[in-house]
Every structure is written in C-alpha cells, then in structure tokens.
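Work through the exercises below with the sequence and the structure side by side. Try each task before reading its solution.

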Amino acid sequence: MQRFLIFTKAMLLIHLRAREVLFWNFAFPVFLMLIYGVIMSGFMQWLTPGVIVLNALSFGLVSSAAVLVDMREKGILRRLRATPLPAVQLLGAYLIVNLLLGLTQGVLILLVGVVVYGMPLSLAGLVLGLPMIVAGALTFLALGQVVSGLAPKAGVATAAGMTLYFGLMFISDMIFPIAQLPAWLQSVVPYFPSYAVVQLVRAPLLDGVLAANWPFNLALMAAYALAATLIASRLFRWDPKA
Amino acid sequence: MTQASIDLDHVTAVYGRGARRQPAVRDVSLAVQPGEIFGLLGPNGAGKSTLLACVEGLHQPESGTVRVGGFDVQRQPAAAKRLLGIQLQKTALLDDLTVGELVEVYAALYEVYLTPAQTGEFLARFDLSEHRRKLARRLSGGQQQRLALALAVTNDPQIVLLDEPTSALDPHARRSVWDNIRRMHDEHRTIVLTTHAMEEAEALCGRVAIIDQGRIVACDTPAQLVAGLKANPVLKATIELPLEQARSLPGVQAARYAGLHLELETAEPQLTLTALHSLAGQMGRSINDVRLRQPNLEDVFLKLTGRTLLEGPSLN
C-alpha cells in the first residue's frame with residue numbers, strides 16, 4: 001500500500017509539473033467558458049454541462065492518453081516493468097491521478113458556470129451529477145487508451161484523438177443543440193458515447209433530476225466503457241513499436 | 001557448490017515471427033557466479049542487450065531457461081526482479097521528478113522505504129548531493145548516467161545488470177562510472193555489464209564472454225583469452241630500415257611497414273629493442289617514437305570473428 005501511495009504521488013507530481021498539461025487542464029477550460037460566454041451569452045446555463053463533458057472528452061481522448069504514450073516512447077514503462085511494481089498498480093496510479101485531474105476540471109468549469117453565469121445548482125443536482133461526470137471521464141479515458149494503443153507514435157495518437165474529439169464536439173448535443181442537425185444524423189447520434197454522457201450530466205446539473213431515458217444512456221455508456229477497457233488491455237504495450 | 005547468481009540454459013531469443021523472424025540470441029548457456037564482474041563484450045547488434053533483457057524479464061526467450069538466484073525468470077518474475085538492480089541502455093528517467101524524489105520512488109518500487117537522511121547518504125555515495133532538489137531533466141548527460149547507476153542499487157540488490165553503462169560518456173565521466181562499478185563490486189554485488197569497448201572489459205571484468213551474432217564465441221578471464229591467442233607483442237618504431245635486416249633481429253617473428261612505422265612481432269621485445277638500437281647506431285639512423293603494443297581483447301575478437309569490435313555484425 002505504501003508503495004502504491006508513493007508511486008501515485010510521483011505520477012501526480014509528473015502531471016502537475018508539466019507546464020503544457022497544467023495549461024490544457026486548468027487554464028484552457030476556464031478560458032473556453034469565458035469565450036463561450038462572450039459569443040453565446042444567453043445559453044451559458046444550458047452550455048455549462050456540455051462544456052464539462054466536452055472538456056472530459058478532450059482530456060480522455062487527447063491529453064491523458066498522450067502522457068502514457070510519452071512514457072512508453074521514452075522507455076520509462078520498460079524501466080518500470082523491470083521493477084517488481086505490479087502492472088495493476090502502475091495503471092491504477094495512472095487512473096487515479098487522471099480521475100483527480102478530470103474531476104478538478106469539471107468542478108472548475110461548474111464553478112465558472114455558477115459564479116459568472118448564475119447557473120442554479122441544487123444539492124441533489126450535485127449528488128447526481130458528479131458521479132456521472134466521473135463515470136463519463138472514465139469512459140473517455142478508456143476510449144483514449146484504445147486510440148493510443150492503436151497509434152504507433154505519440155504524434156499519431158494526438159492527431160487521431162483530436163480528430164475524434166472535433167468530430168464528436170459538434171454532433172453530441174454538447175455545445176450545439178442536436179435539434180439543429182440533419183434528420184439522419186439525429187437518428188445516429190444517440191448511440192454515441194459522448195451524447196449519452198451529456199444527457200446523463202446535463203439533467204441533474206440543470207434540474208436536479210435524472211433525464212427520463214437515463215437507464216438507456218447509462219447502459220450505453222457502461223457498454224462503451226467495458227468494451228474500450230477490454231480492447232485497451234489487449235492493445236496495451238510496454239515497449240514502443242520496433 | 002554455491003548457487004550461480006545468473007544461470008542461462010540453452011537460451012534462444014528472437015524478434016518477429018514467420019518470415020520476419022530474426023534470432024538475436026542463439027543457444028546461449030552461461031553461469032555467472034556470486035561476486036563476479038562479468039562482461040558481455042561484442043559489437044553493436046551482437047545480442048548483448050537482448051541477452052540482458054531475458055535476464056531482466058523484459059524479453060521472453062523462445063526456448064531455454066533463465067534463472068536469477070535460483071528463480072526462473074519466466075515463472076517467478078517477481079522473486080527474480082527483487083534480486084536485480086538494473087540500468088537500461090536508455091536512461092529513461094521520470095525526468096519531471098527531482099533527483100531525491102527519484103531515489104525514494106525507485107526504492108519504494110522494491111518496497112524499500114528510505115528516510116530523508118538515508119536518501120541524503122545514498123546521494124552522497126554517488127556524488128549527487130548538490131543536485132538533490134534538481135529535476136532529473138536538468139542534469140548533464142554524465143550526471144544522468146550516474147543517477148541511472150544510483151537508481152540501479154536503491155533496492156540494495158545482490159545482482160546488478162548494466163547495459164552499456166559508459167557509452168557516449170567523456171573520459172572523465174567514464175572514470176567516475178568505473179569507480180562506482182568497482183565500489184558496487186566491493187559491496188559484494190554480482191555485476192554483469194555489456195560493452196563494446198575492450199578497454200572497459202579489461203579494466204573492470206574478472207571474466208568476459210565474447211558475443212558475436214547472438215552466440216558466445218569465447219568466455220574466460222581477459223588474461224586467459226589473450227594468452228589463448230599465443231600472439232606476440234608488437235614493437236613499433238619510426239625508422240628506415242631494410243625489411244630483411246629487421247627480420248634478422250633477435251626474437252623477431254615477422255616484420256612489416258605500416259606507413260612510416262616499422263612493426264616487429266617479437267617474442268623477446270627487450271632483446272629486439274636493444275639490437276634495433278645498436279643496428280640503428282651502426283647505420284647512423286635515428287629511431288623515433290618507440291612503442292610496445294601487447295595483444296588485447298580486440299585481437300581476440302578479430303581472431304575469433306574475422307572482424308573488429310567497431311565494425312558491427314556482418315550481413316550473412
């Protein structure tokens with residue numbers, strides 16, 4: 001247990017000391033909220049839960065995946081594998097640190113929504129919404145691991161993650177209402193993981209209740225998370241591709 | 001009979017499959033005894049690092065068994081890894097951690113928990129005290145190498161595996177690494193290191209295995225390996241002299257010119273040199289730049305493989 005705590009702390013320090021990680025994790029989400037506020041001032045209460053999920057999506061698909069790929073390319077994973085540290089503890093520490101960072105970002109954006117844009121937030125909404133944010137972040141994290149497991153290099157992983165992120169950004173009801181989309185797209189979008197997560201997060205934060213179709217969305221999200229975890233663990237490599 | 005620290009039994013290791021299958025280690029059997037400094041000497045690509053990776057549990061051999069302190073590396077990896085301290089060819093440090101933090105974290109990975117005072121003592125031993133609060137990424141190449149070496153023994157291992165510990169270091173940094181390796185030896189650790197520098201193998205190693213194209217072609221003390229050559233020392237001198245006259249000097253087995261240098265293979269260097277001096281005096285010629293070169297591991301490698309250590313593997 002002591003070993004796990006020391007290693008988890010080391011992983012946290014690595015994340016906090018990388019300037020670009022700090023910027024993307026904490027400064028950028030706040031900046032995003034302020035920019036949206038300028039261009040879509042009337043919609044900020046509806047938009048805030050969407051930005052939280054959007055941020056979790058970029059975090060899972062792009063930035064957190066990149067750290068692990070970087071560790072693999074530098075040979076750090078190989079070096080760690082030569083020690084008696086069990087793989088479960090290595091990945092567990094990585095997961096905990098990323099959850100912590102992801103949750104902090106969600107709370108930060110929520111804070112801007114409440115303080116700057118006067119979003120009403122009930123205790124029930126917080127109790128129902130926060131676990132959904134965490135579960136959503138975990139799902140995106142697993143999807144990000146699939147992307148980085150398939151990518152031969154860190155640069156490719158980032159590019160693929162970015163492409164997926166921008167693709168999902170406009171069609172998942174996050175910052176752009178789904179009602180504005182063409183009909184055929186509207187019938188497909190509800191099967192996307194990002195759409196499911198937004199629905200699970202938005203209703204509690206805005207109204208303090210779960211949306212009517214929450215069992216379907218929750219099951220869909222869980223299915224994506226499970227499938228991604230299984231695929232990611234099959235794809236996981238300690239060494240860079242030769 | 002004491003148990004070998006490392007025991008390889010008919011180990012073959014390959015990369016790739018099917019048509020791309022490439023053997024890196026071919027049927028190697030080897031035992032390293034406790035307290036040895038054992039060198040794996042060979043050119044780049046000879047299979048030294050793959051051999052170490054098999055011992056470290058980082059590469060699964062295609063066939064054969066590897067034991068560390070009696071534990072089968074494939075079947076009891078955790079027990080084997082606990083006995084090992086390692087330094088990989090790529091230093092691969094978590095370079096956003098400070099030097100002090102790295103020492104504490106690497107010790108903790110082996111469930112060894114250092115107090116701040118113990119960490120301080122440890123860093124002092126590796127001459128890294130002044131860098132304790134510096135991020136690893138801010139260290140010079142030589143300092144990083146020294147840190148990687150220090151991290152190999154945070155867990156107080158019985159056996160230390162060092163992959164090219166001095167490659168790409170300047171002579172001064174190399175000396176400092178050698179001193180640290182000798183101290184690990186004084187601490188009764190078994191050390192296995194890879195190198196493609198014959199002077200490093202000669203300076204440090206009690207026994208050396210010469211590796212070429214995945215096979216061990218010779219294994220003995222450096223002195224025995226050289227003695228096995230039955231080669232004579234070579235006396236080099238800058239002097240103009242007819243070759244027939246040079247050949248008739250006492251002790252000389254063969255004579256040739258390499259540029260301006262006369263090279264005399266001689267069984268009796270002392271006699272040959274004295275005779276060369278008097279001959280030069282009689283002929284009124286001057287001798288410049290006299291050197292005696294003893295046969296070394298480089299010659300052993302050349303004799304066994306037909307290539308030099310710097311040439312790398314042949315493509316056949």
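**Exercise 1. Find the residues on the face of helix 7 of chain A turned away from its buried side, then describe the helix.**

Step 1. The face turned away from the buried side carries the exposed residues Gly155(A), Phe166(A), Gly167(A) and Phe170(A). A residue is buried if 20 or more other C-beta atoms lie within 10 Å of its own, exposed if 12 or fewer, and partly exposed in between, with C-beta atoms placed from the backbone. Helices (H or I, at least four residues) and strands (E, at least two) are DSSP runs, numbered from the N terminus.

Step 2. The model is predicted; local features need pLDDT of at least 70, side-chain atom pairs count only at pLDDT 80 or more, and totals for chains, interfaces and linings use all residues. Residues are numbered from 1 along each chain as its sequence is written, while chains are lettered from A and ligands numbered from 1 in the order in which they are written.

Step 3. The buried residues of helix 7 of chain A are Ala154(A), Ala157(A), Thr158(A), Gly161(A), Tyr165(A) and Leu168(A). Seen down the helix axis, these buried residues fall within an arc of 110 degrees, so they line one face of helix 7 of chain A. The arc is that of the directions from the helix axis to the C-beta atoms.

Step 4. The buried residues of helix 7 of chain A pack against helix 3 (44-73), helix 6 (123-150) and helix 9 (193-207) of chain A. Two residues are in contact if their C-beta atoms, placed from the backbone, lie within 7 Å.

Step 5. Check the length. Helix 7 of chain A (residues 154-171) has 18 residues and should span 26 Å at 1.5 Å a residue; its end C-alpha atoms are 27 Å apart, which agrees. The expected span is 1.5 Å times one less than the number of residues.

Step 6. Asp173(A), with a positive phi near 70 degrees, follows helix 7 of chain A.

**Exercise 2. Describe the side of chain B that touches chain A.**

Step 1. In chain B, 21 residues are in contact with 20 residues of chain A.

Step 2. Helix 2 (77-83) and helix 3 (99-109) of chain B each supply at least two residues of this side. Helix 3 of chain B gives the most, with four residues.

Step 3. The residues of this side of chain B divide into 13 nonpolar, one polar and seven charged. Ala, Val, Leu, Ile, Met, Phe, Trp, Tyr, Cys and Pro count as nonpolar, Asp, Glu, Lys and Arg as charged, and the others, Gly among them, as polar.

**Exercise 3. Trace the pairing of strand 13 of chain B.**

Step 1. Two strands pair if DSSP finds at least two bridges between them. Strand 13 (residues 261-266) of chain B is joined to strand 11 (residues 234-238) of chain B by five bridges, and the two run antiparallel. In this pair Thr238(B) stands opposite His261(B).

Step 2. Strand 12 (residues 252-258) of chain B also pairs with strand 13 of chain B, in the antiparallel sense over six bridges. Arg256(B) has Glu263(B) as its bridge partner. The hairpin of these strands has two residues between them, and there Gly259(B) takes a positive phi near 65 degrees.

Step 3. Strand 13 of chain B has a covered face of Leu262(B), Leu264(B) and Thr266(B), and an uncovered face of His261(B), Glu263(B) and Glu265(B).

**Exercise 4. Where is His188(B), and is His188(B) buried or exposed?**

Step 1. His188(B) lies in the loop between helix 6 (171-186) and strand 8 (190-195) of chain B.

Step 2. With 9 C-beta neighbours inside 10 Å, His188(B) counts as exposed.

Step 3. Its phi is positive, about 65 degrees, although His188(B) is not a glycine. Most residues other than glycine have a negative phi.
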